[in-house]
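Subject: Structure handover

Hi,

Here is the structure I promised to pass on to you. Have a look at it first, and then read on for what turned up.

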2 protein chains.
Amino acid sequence: MTTDLTLEDVHFRRNWHPAAIVGHRCLARGLSDIAAMGGTPISAFLSLATPRGSDKWICSFLGGLIRLARMHRVELAGGDLAQSHSVISADIVVLGLAPTRRALLRSGARPGDGIFVTGALGGAAATLLTLQKRKRIRIDGNDPHFYPSPRVAVGRVLLEKRIATSAIDVSDGLSTDLSHLCEESGVGAKLDASAIPISGTAHKIGNSLDLALHGGEDYELLFTASKRTRVPRIIAGVPITRIGEITRVSQKDRSAPMILMQEGRRRVLRAEGWEHFR
Amino acid sequence: MTTDLTLEDVHFRRNWHPAAIVGHRCLARGLSDIAAMGGTPISAFLSLATPRGSDKWICSFLGGLIRLARMHRVELAGGDLAQSHSVISADIVVLGLAPTRRALLRSGARPGDGIFVTGALGGAAATLLTLQKRKRIRIDGNDPHFYPSPRVAVGRVLLEKRIATSAIDVSDGLSTDLSHLCEESGVGAKLDASAIPISGTAHKIGNSLDLALHGGEDYELLFTASKRTRVPRIIAGVPITRIGEITRVSQKDRSAPMILMQEGRRRVLRAEGWEHFR
């Protein structure tokens with residue numbers, strides 16, 4: 001079971017994001033959490049607060065949300081409506097199922113495991129940066145900022161074929177989400193900068209490695225697999241890339257367990273993705 | 001499973017409601033929904049959005065929420081935190097269990113059934129009215145506005161002893177919640193005004209029948225029981241009062257199925273409780 005808040009002026013802006021896209025992104029966040037556990041999403045519950053006179057906005061929002069729900073055969077099973085005196089807020093709850101004691105967790109990574117990521121990173125952050133520069137943008141159905149694709153089918157294969165030892169979705173940014181996984185598994189990580197798959201959009205606007213490392217909202221899956229496991233290059237139609245290896249945490253390194261190898265040089269990688277209350 | 005939104009300046013005001021009380025009321029709304037189905041609440045999930053610098057407020061809020069959770073042996077099992085640029089919003093999800101196909105529904109009332117209510121009505125609305133008149137008020141642990149008591153134990157007895165044919169909680173006001181129950185059961189209702197238990201606080205500020213009929217947030221249970229069922233006068237320590245009878249809907253009356261008998265006169269009772277988007 002997973003809950004995710006979507007707030008106007010924090011997670012979206014009405015002049016940047018059409019209502020249907022806000023609906024899509026709202027549900028995508030919840031589905032991605034279920035995907036990261038290898039679960040099958042079953043039903044969703046929506047709590048929506050909108051200012052008076054938002055009927056048309058609500059219809060478009062629900063249209064976008066329900067379209068994505070149908071694609072994943074998820075039922076919008078209930079929720080709550082309230083009138084807000086200020087901004088729009090939407091809380092989505094998604095209920096998913098996984099076989100008993102088989103759900104993928106953040107805590108299962110072991111030293112020596114490979115680190116893998118689905119798709120490409122940095123694309124959502126690149127589009128956000130473009131929006132922030134007030135540049136005109138054409139909304140594209142493949143843009144992960146507007147239409148993130150929760151990797152539900154990939155997650156299910158990772159669980160069913162016992163490929164992954166741990167998993168998390170890249171919602172806050174690779175550096176931050178990898179640090180969560182390392183922390184909960186009690187391990188470190190070594191990433192190869194040249195191996196990280198960077199989205200074409202991120203390449204175009206420069207600073208692409210930073211966007212891929214720290215930009216959030218790509219909703220790709222980050223997972224680990226044992227050395228002995230053969231990890232397919234494509235799962236459920238999505239490319240899978242090995243980007244590094246889980247390492248042991250020595251007493252000395254406990255405070256900085258993530259290392260980035262870049263052009264033969266070794267530097268400490270800090271969690272610099274989206275963090276609340278920072 | 002139930003979700004309820006609590007919004008600043010809609011459901012509470014920071015200068016009227018201490019944070020711990022907001023936390024209590026937030027969870028109480030969810031627990032009351034579970035109580036109305038005769039369920040046992042198991043766990044709660046909280047999505048909380050607060051402006052920067054709300055750490056102290058959050059601690060008190062969680063204190064109030066967790067205190068009530070402990071009383072009901074409910075685990076706060078997860079949730080989401082976000083930073084809001086405007087008001088506080090809190091969405092509470094409560095997961096409850098009931099025996100398969102035994103949960104109390106709104107749709108089970110049949111003509112001839114008695115209509116019952118727990119506790120007394122109008123107290124929460126009376127306190128709200130006092131607050132709106134900007135009168136000083138002493139916060140009292142028994143005031144249903146500040147410290148509503150979700151009737152979880154009563155709901156469970158109604159289910160286990162097969163007393164109730166239908167149930168709903170009085171969150172929007174007796175007239176509105178009874179109309180929901182009538183609509184979903186396809187029945188009408190006749191209430192006896194003199195039988196409605198009115199709270200002492202409502203009596204003090206006058207207009208007490210209106211407060212009891214249309215004031216919301218009392219979180220008492222409204223239920224129906226067959227004529228053949230002996231309904232105890234007290235269940236789990238809470239007084240139970242018979243306030244009327246479920247009636248047949250004739251083709252003629254379909255549009256106005258609720259009748260209030262008052263001093264020998266018969267008048268149509270309209271749903272005039274709290275309704276969103278009105």
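Let me start with a question: is A:R162 buried or exposed, and how many other C-beta atoms lie within 10 Å? A:R162 is exposed, because 12 other C-beta atoms lie within 10 Å and a residue counts as exposed at 12 or fewer. Please keep in mind that this is a predicted model.

The backbone at that residue deserves a look too. A:R162 is not a glycine, yet its phi is positive, at about 50 degrees. You will find A:R162 in the loop that runs between α4 (152-160) and β6 (166-170) of chain A. A:R73 sits in the loop between α2 (55-71) and β3 of chain A. With 10 other C-beta atoms within 10 Å, A:R73 is exposed as well.

Now to the domains. Chain A splits into domain 1 (2-97) and domain 2 (114-268), and the C-alpha centres of these two domains of chain A are 24 Å apart. Between them, 18 residues of domain 1 of chain A are in contact with 18 residues of domain 2 of chain A. On the domain 1 side, α1 (19-35) and β2 of chain A each supply at least two residues, and α1(A) has the largest share, with 10 residues. That side of domain 1 is made up of nine nonpolar, six polar and three charged residues.

The contact between the chains involves 25 residues from chain A and 25 residues from chain B. On chain A, at least two residues each come from β1 (2-7), β2 (40-50), β3 (75-83) and β4 (89-97). Among the elements of chain A, β3(A) gives the most, with six residues. By type, the chain A side has 11 nonpolar, 10 polar and four charged residues.

Finally, the interior. In soluble globular proteins, nonpolar side chains tend to be buried together. Here the largest nonpolar core has 144 residues, and A:L222 and B:L222 are the ones with the most contacts inside it. If you set aside neighbours within four places in sequence, the residues in contact with A:L222 are A:V117, A:A167, A:I168, A:V170, A:L174, A:D177, A:L178 and A:L181.

Best wishes

Technical notes:
Residues are numbered from 1 along each chain as its sequence is written. Chains are lettered from A and ligands numbered from 1 in the order in which they are written. This is a predicted model: local features need pLDDT of at least 70, side-chain atom pairs count only at pLDDT 80 or more; totals for chains, interfaces and linings use all residues. Two residues are in contact if their C-beta atoms, placed from the backbone, lie within 7 Å. Helices (H or I, at least four residues) and strands (E, at least two) are DSSP runs, numbered from the N terminus. Ala, Val, Leu, Ile, Met, Phe, Trp, Tyr, Cys and Pro count as nonpolar, Asp, Glu, Lys and Arg as charged, and the others, Gly among them, as polar. A nonpolar core is a set of buried Ala, Val, Leu, Ile, Met, Phe, Trp, Tyr and Cys residues joined through C-beta atoms within 7 Å. A residue is buried if 20 or more other C-beta atoms lie within 10 Å of its own, exposed if 12 or fewer, and partly exposed in between; C-beta atoms are placed from the backbone. Domain bounds come from an automatic or database domain assignment.
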